[in-house]
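Keep the 3D view open as you read.

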Amino acid sequence: MINIKRIAVGLSLVVALGAMGACEDLLDVDLPSALTDEALDAPEGAETQVNSVIALFECAYSTLAYQAAGHEDVWEKIAGVAGSAAQYDAWPDRGDCDSSPEDDDWYDNIQVGRALGVKTYARLGDWTDDEVDDRTKKQAIVALYIAANMDVLGEFFCEMAVDGGSLMSATETLNLGETWIATALGHISSLGDFEMPYGIASSATNMAVGLRARMKWSRGDLSGAMADANAVPARFTSWVIRGAGPQRRNKVYNTGTAVGYAGMLDVNDWWHEGPNPVTGQAWGSPIPFTGYLNLSLMADGRAVHASGLPVRASDAGSSLDSRVGHFIKTVQGPVPRDVPTKYTADSDNIPLVSWQELLLIKAEAQGGQAAIDLVNELRTFHGLPQVTYADAGNATEIRYMILEERRRELFLTSRWWASKIQNTDLLWFPRSTGFFPEQGYELNGGVRMVMPRSEYDLNENFTVDQRSTGCDVGQRPVIRS
Amino acid sequence: MYRRIRLLMTLTLGVLAAMLLFAPLDVAAQGGSITGRVTDSQTGQPVAAAQVFIAELDLGGLTRQNGSYLLLNVPIGTHTVTVQRIGFRTTTMSVTLGAGETMAQNFEITEEALSLDEIIVTGTPGGTQKRAIGNVVTTVDAAAVTERVAIANMQDMLTGRTPGLQFTRLSGNVGTGSSIKIRGVGSFNLSSNPLIYVDGVRVNNQSRAGPMLGYRYAIMQDEAGSSGGEVSVLDDFNPEDIESIEIIKGPAAATLYGTEASAGVIQIITKKGREGAPQFTASVRQGVNYMTDPAGRLGTMYACKTSSRTPCAESDLFTYNMYDEANRYIREGAFPWESKELFRNGLSSSYDLGVRGGTSNIRYFLSTNYEDEGGVVWYNNDKTFRTRANVSVVFSESITLDVSSGYVDGHTRFATPVRSDGGVWQDLRWANGYFLDTNAPGANERLFGFQEHLPSDVANIAATRDYSRFTGSATLNHNFSSWLNQRVVVGLDKGWDTNQVIFPWNPAPPPNQAVYSETVSGTIDYGNPMTEVQSLDYSATIDYSPLGFLDLKTSFGAQYSMRRFENLRTQGEGFASPLSRSVNQTPVERLTLTYDYIENKSLGFYVQEQIGWNDRLFLTGAVRFDDNSAFGADFEAQIYPKFSGTYVVSEESFWNFDLINSLRVRGAWGKAGRQPSVFAATNLWGVIPGPGGTAALRPSSPGNPEVGPEVSTEYEAGFDMAILDDRISGEFTFFRQENKDALLNAGFAPSLGLPGAVQSNVGQIDTWGWEASLNTRVYENDDFSFEITFMGDHTNNEIVDLATFAPTGGIQIGYPFPSARTRYWVTGAEFPAGETRGTPINAMCDPGFPAEGVTGAASGRRPGATPIPCVDVGTDPILIGPEFYTYIFSIAPTLSLLDNSLQVFAMAQGQFGRTASENAAEWGHIYNNTRISQLENNALWQAADRGRFTDNRTKRYYDGDFWKLRELGARYRFPASLIGVTGAESMSLAVSARNVFTLWQAQTHIYDVQISDPEYGAPTQGGGGNYWNMPPLASLHMTLRVTF
């Protein structure tokens, strides 16, 4: 009996150990709903990867436009039971920006799209023309979108890092973006100009050059920006395209019009918390260059008073500015709100490079009568009163005119936020809105963002103490730890 | 569905009838027989379900409800008849049977306090005597519990009967369930749900089934990573079908179950057939579910006569109660409502019919059950049909087969389905009394003061779960001679659900077009989750006694299981018509499809050696090897060892302490694990909509090829003791767990472009505590007895290591998990340090803001106040307390009268140590229906309120300690003289109430906000908060049970 027992135990151990060796087959699982890294290895999937780079940027930019609206003093968000404000924040929300119409997340998709773009560009380089149709064209498109991502990272942040690398200043970030523009243009020139897919733009060259104009403008190279702007023909626009449907949310549309989570605001008249951090001067009351309700134009084309306050419907003799339309809509809660008419469907595209912005860049670069003429070119396009009031020799008046024109012309496209970054001595920033003014109290100045805290914690090349050190004082956010 | 239920019931009853017709033919076998009754020596009452057997003949059966038994075909000669029953001392008697003789032999058996000979299911074939197990294993005699008190779900069954086991009571939403934790939380990210086995096979243990309910942040994620509901699939099983439940509490005991067993194991043993003529048991339960004092739970509400905004002058204040107002509106017909009051008494009924019987070769247990539970709002109900068929076949002396199968089919409509908010309860809690006057400026005249929806708006939303589930097992036992016992178990547990949440197309009249903030034209969320668990288990035990006093048992085995989850979920927006109720009636371009498929496989082997000395001292050593498909490619298989020892010292000859008649000491050390999530080891890419309608890719979660299981190491020590001739008995166990390699989500620098985080084995949480139970027979004689059972446990934990993980939020070394915390600390002398929970709160800080120039009343802002001096402790938040109960006690007195025919019983339970949260208090600033928030004249409140916006959440925390009367009831067994005319063997009537009274609660208000219930809502471990869910309900039931 003892022998039998020993044999049985011994056999069981042998069987057990043998079976352990065969575990891998027994433990193979079928996971059809999951795609792994292998999905990116085949050149047949190149088109999908290019589309992915485009989609990730579009998704992020759509949400950025909504986030920017909060930075631009456009509206008060009243979502949910409490109503948090669409307000200035010191850092962007991470995550998948498509998960909900209320989400403010966009930063990850910018970085994910950029990183995927870089890897896709490298893969396209490794593959051959026999393996991938239109390989060079795909390289150009990917390079262009990498640059677009870099533009966002350079325009709105104090400092930046890519691929876990060292800190870069905003200028360095934009310069890196311009190198990708150059890469894209190199591929485009080897092919000849082509139309961007999916109706994004009629010309890849114009999209690249227009985007570069914006980058140059952002880093203060007005003459360079004007040169590029001049190279882009009139009426050219490249789009962040949006398909209809819940998975391709147009946050600006959804939050501003469709669902009605946000209501537009009138001229700010209650902020008294602190002085302008740059000038040290107290803000006016009301605060200039704020509010989007009932914006109007005088018959002489005046959009802004000498005080910086916009012309409103209450000003005698004015007429409404059709570029900043709004209507009353009942949303959550008992009080109907004013919501914008900028986007009327969730398939409405958002301009990425617009001829209007390029025109205003040129106006800013030239100043004087040229600026008035360029603004009037816009007014003519819209059928609005011509500017006749302005003194071409009065630099302040011209500056005010251009700023107010940018505010209205580029409404809900994220571009006014970029303007505010350039004009911290004059423009009010930030604001705090909603039911809870306390939420914004610590944000006493600063207009750029810093990267998410996790970047400073997890990137070995710098520390959290270096947050916002890349910003000038006037552009630096106040960060609560 | 009801047509299907009727069909199934008809079929089942047909099978029962067939068994009734044919079974007598089987039992009419040849040979001598032994018959008699088994009674309790102390009470004289019959003892049902006692095993009466002749071991050497492998012949036996169970006693019937009246204690009678019958052994047929007993060979001529002298035999030793043994009677065993859980909780009684084993009794043997020698019986000599002549040719053709029917021998009458009655037995009186004596209740045993410690039940050391009870057979415990341990994972090895045939189970193990309790005396040989070095761990504490709690056994609940489920059949006895259901016979005495109405049991609607597993929480009812186990609460107060199992020290060391906690439920998170989420709500009074009928159809939802509670998650279970055994010995607390030992993991940051993985489920603390114990493994569940039914008749030896592993089954789905999910506690987050069903559609997404209530506030989205309350919802825990299911294993697919998407939001889940609040249904515990453990409640699929019919309590009436369960014979007993064994709770295996920690890694030291659960080693043989391997990976995933760290959180303990619950073994459910269903009723089996027994030899003899068919015995039917029918029971009918009727009763109500209701909310105790709903108006009182809201408390006195305050509003201002002159404005919806605060502050209000004291002279303008008035009081109201929105529950009373709602009832007034219903009486006036202001909105459609199908009950006379807002909350009704929800009817609760259950009908059970079971039969058990069989021959010496085939035994069966068949049952069918229909249950209909109603909630307090008229549209909340849960209807379930269940059937079970268990058959045992004795092929030969050495081979038996047990087949167990259960099927459940049901439909639930839930009470709180508003997606982004709470439901009816929230609209009451956050009512604004100013708008009771619907002509008041700013009033939404259709809301009558309700916060956001009318109750009828909520009732128009349909959140439902239709579910079917099959659980089956086949167990083949083979006893080779007397030394080898081997067993093969094959099991399948498969469930199919259909979850729906429908917001109808329901625009409000102008100017308030929106009824729901989520949608005007309607939405539908439709999913078909399927969960499947397949298992195969082989195990064997070799029993050998080389010397008379030495018994060696060598066990070994292998377990293989496969778990699969599949869900195709469709969400649509924009119905074509107000009548639309299905997903095909939304436009295609507004449909969102998600598909989840998860498969996980595990394989484990174990070897165990048990050494027994004189049946008193037992030493056990075991080792288990585990591999799992979720382990990373770079991770080797896991090894879990265990050792245990137990010594029944009171059975030694030297034991001369008459006071202590039984004493067993025990100790155990062992390991078990928790597996990482299925995709933890793999980089995954998700599909997102690309430009032009194409598909695009986005990295969805990075993988860690080195990821392995969390490993829990536990030691426990304790004793079982009975004194004064079993008059007082109890047990005590101390345990300590080291939960190493705890998985934490380690993120990447975002600039790497890899969203999400990888699970890394870097943390450690230590868990410790004790469990105790004490039963005292205070007085007993033939007609009257009184006993009290005390239970208590203590569970706590602490984060002891985070390795490279940067502390964040509640994950801080030295803190319990989960915990309530604050970042700010008041330093002013006017706010003395001390207790931080509840009132007064001293953990807050606010720099203040100037009153001057603040004109925000129109947008709901308060004017400023004096700053509260404070320190900002920055990234090391101050601990307020654990968000789980650390001490749980119960007291259960039982009074037996009339020769034990009448039992009156109660059970009170107290829970202590939890920092609970009442979100309605946190938001009281906006929904100003308290006196303090209306007057804004309380400095602490102001500071706490402002702190809410600076990550200081102390305004919502309170002391969650309480005592509740869990059970109160009486059961009467009709005497034989009364039921004799009916032909029934036994009949009983039980009346029981549950949760009818909160005896005491440590804190009733937070800054004037009434705490609606101290118990429900665990913010991080199971969702919660106290405004979006119904408070837990009370119930009152009457059960009539007849055996014939």
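B:Tyr887 has a relative accessibility of 32%, so it counts as partly exposed in this predicted model.

B:Tyr887 and B:Phe889 belong to one aromatic cluster, whose members include B:Phe719, B:Trp770 and B:Trp1000. Across all chains, the structure holds 41 aromatic pairs.

Another of those pairs is made by B:Tyr715 and B:Phe734. Here the ring centres are 6.3 Å apart and the planes are at 45°, so the pair is tilted. The two residues sit 19 positions apart in the chain, with B:Tyr715 in strand β36 (residues 710-723) of chain B and B:Phe734 in strand β37 (residues 728-747) of chain B. B:Tyr715 is partly exposed, at a relative accessible area of 38%, and B:Phe734 is partly exposed at 30%.

Rings can have charged neighbours as well. In chain A, A:Arg407 lies over the face of A:Tyr292, 4.7 Å from the ring centre. In chain B, the charged end of B:Arg328 sits over the ring of B:Tyr329, at 4.6 Å from the centre of that ring.

Now for the sulfur links.

| Disulfide | S to S distance | Torsion about S-S | Handedness |
|---|---|---|---|
| A:Cys158 and A:Cys471 | 1.7 Å | -95° | left-handed |
| B:Cys304 and B:Cys312 | 2.0 Å | about 80° | right-handed |

The link in chain A joins distant parts of the chain: A:Cys158 and A:Cys471 are 313 residues apart. You'll find A:Cys158 in the loop between α5 (135-155) and β2 (159-160) of chain A, while A:Cys471 is in the segment after α14 (453-458) of chain A. Are these cysteines buried or exposed? Both A:Cys158 and A:Cys471 are buried. In chain B, B:Cys304 and B:Cys312 are both buried as well.

Stay with chain A for a moment. This chain has 14 helices and 10 strands, and 61% of its 481 residues count as buried. Take the contacts in chain A with a separation of 6 or more: 70% of them come from residues 24 or more positions apart.

One helix to pick out is α10 (residues 355-366) of chain A. Its 12 residues reach 16 Å from the first C-alpha to the last, close to the 16 Å expected at 1.5 Å a residue. Why can we call α10(A) largely enclosed by the rest of the structure? Because 9 of its 12 residues are buried, among them A:Trp355, A:Glu357 and A:Lys362. Just after α10(A) comes A:Gly367, with a positive phi of about 65°.

Most residues other than glycine have a negative phi, and most peptide bonds are trans. B:Asp199 has a positive phi near 50°, and it sits in the loop between β14 (195-198) and β15 (201-203) of chain B. With a relative accessibility of 11%, B:Asp199 counts as buried. B:Asp615 also has a positive phi, near 60°, in the loop between β30 (591-613) and β31 (617-628) of chain B. At 39% relative accessibility, B:Asp615 is partly exposed. A cis peptide bond, with omega about -5°, joins B:Phe817 to B:Pro818. B:Pro818 is in the loop between β39 (785-801) and β40 (819-822) of chain B.

Finally, how confident is the predictor? The model scores ipTM 0.89 and pTM 0.82. Chain B averages a pLDDT of 82, and 84% of its residues score at least 70. In chain B, where is confidence lowest, and where is it highest? The lowest mean, 42, belongs to helix α1 (residues 2-27) of chain B, and the highest, 97, to helix α6 (residues 322-332) of chain B. Residues 215-227 of chain B have a pLDDT below 50, and this stretch has 41 contacts in the model beyond near neighbours in sequence.

Note on methods: Residues are numbered from 1 along each chain as its sequence is written. Chains are lettered from A and ligands numbered from 1 in the order in which they are written. This is a predicted model: local features need pLDDT of at least 70, side-chain atom pairs count only at pLDDT 80 or more; totals for chains, interfaces and linings use all residues. Side-chain values use heavy atoms; hydrogens and water are left out. Rings of Phe, Tyr and Trp (its six-membered ring) pair if their centres lie within 6.5 Å; planes under 30 degrees apart count as stacked, over 60 as edge-to-face and the rest as tilted. Helices (H or I, at least four residues) and strands (E, at least two) are DSSP runs, numbered from the N terminus. Buried means under 20% relative accessible area, exposed over 50%, partly exposed in between (1.4 Å probe, protein chains only). A charge sits over a ring if NZ of Lys or CZ of Arg is within 6 Å of the ring centre and within 35 degrees of the ring normal. pLDDT is the predictor's confidence in each residue, from 0 to 100. Contact means heavy atoms within 4.5 Å. A disulfide is a pair of cysteine sulfur atoms within 2.5 Å. The expected span of a helix is 1.5 Å times one less than its number of residues.
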